[in-house]
Amino acid sequence: MDTAPTSSPDVPDVPEGEPRWLNDEEQRTWLAYLQATTLLEDHLDRQLQRDAGMPHIYYGLLVQLSVAPRRRLRMTELARNSKITRSRLSHAIARLEKNGWVRREDCPSDKRGQFAILTEDGYDVLRRTAPGHVTAVRQALFDRLTPEQQKSLGEIMMIVAEGLQPKEAGADLPWLR
């Protein structure tokens, strides 16, 4: 009779109901990850605030719109791509509209749907800001890693992201909230 093993050599037996605590190496890795991601996000936010008067998340929204066909995306798709809640996206788009960088347009085929559209002013801001931003990203992340480390980091982040985005209906994901 084939049965699944109850434990593996790499995973110690843990009494039912007890958490599987991080070992010392896992704890060091977790804390390094938290510190690095917090510092990286702060670094990029400060660079973008200084250079363009916008937070990193707004820059990411402008980038997504800039590469979309006709520089427009449905709001639901933009939220999904950005991995943010619809309410956070709506607030961000409202701020970008006030700056004249984005405009909204109703979807003709869906009365509840809207498009976010990158304006020429928004595209100009993005074009002026991109060189400083890519320099900040390179200096803070890629220039510190070997090509092999860069590849490994990309593979690891894809595994983590895929694992946190279940495909089944009803999944609790930010863009569905």
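Biologist: Where is the pLDDT below 50?

Modeller: Over residues 1-8. Beyond near neighbours in sequence, that stretch has one contact in the model. Where pLDDT is low, the predicted coordinates should not be read in detail.

Biologist: OK, on to the sheet. What order do the strands come in?

Modeller: E1-E3-E2. It's an open sheet of three strands, and the pairing is antiparallel.

Biologist: Which ones are the edge strands?

Modeller: E1 (72-74) and E2 (102-107), since each of them pairs on one side only. On average, neighbouring strands here are turned by 30° against each other, ignoring direction.

Biologist: How many bridges are there between E1 and E3?

Modeller: Three, in the antiparallel sense, with E3 covering residues 110-118.

Biologist: Switching topic: what's in the largest nonpolar core?

Modeller: It has 27 residues. Those with the most contacts inside it are Met54, Leu62, Leu78, Leu89, Ile93 and Leu96. Two or more residues each come from helix H1 (24-52), H2, helix H3 (75-82), H4, E3 and H5.

Biologist: Which element gives the largest share?

Modeller: H2, with five residues. That helix spans residues 56-67, twelve in total, and reaches 17 Å from its first C-alpha to its last, close to the 16 Å expected. Its buried residues are Tyr58, Tyr59, Leu61, Leu62, Gln64 and Leu65.

Biologist: You mentioned Leu89. What is leucine 89 in contact with?

Modeller: Leaving aside neighbours within four places in sequence, leucine 89 is in contact with Leu61, Met75, Leu78, Ala79 and Ile84. Leu61 is one of the buried residues of H2.

Biologist: Last one, histidine 133. Where does it lie?

Modeller: In helix H5, residues 120-140.

Biologist: Is histidine 133 buried or exposed?

Modeller: Buried, because its relative accessible area is 7%, and the cut-off for buried is under 20%.

Biologist: What's in contact with histidine 133?

Modeller: Setting aside neighbours within four places in sequence, histidine 133 is in contact with Leu44, Gln47, Leu48, His56 and Tyr59. Tyr59 is another name from the list of buried residues in H2.

Technical notes
Residues are numbered from 1 along each chain as its sequence is written. This is a predicted model: local features need pLDDT of at least 70, side-chain atom pairs count only at pLDDT 80 or more; totals for chains, interfaces and linings use all residues. Side-chain values use heavy atoms; hydrogens and water are left out. Two strands pair if DSSP finds at least two bridges between them. Helices (H or I, at least four residues) and strands (E, at least two) are DSSP runs, numbered from the N terminus. Axes are lines fitted to C-alpha atoms, for helices over the stretch in contact, and angles run from 0 to 180 degrees between N-to-C directions. pLDDT is the predictor's confidence in each residue, from 0 to 100. Contact means heavy atoms within 4.5 Å. Buried means under 20% relative accessible area, exposed over 50%, partly exposed in between (1.4 Å probe, protein chains only). The expected span of a helix is 1.5 Å times one less than its number of residues. A nonpolar core is a set of buried Ala, Val, Leu, Ile, Met, Phe, Trp, Tyr and Cys residues joined through side-chain atoms within 4.5 Å.
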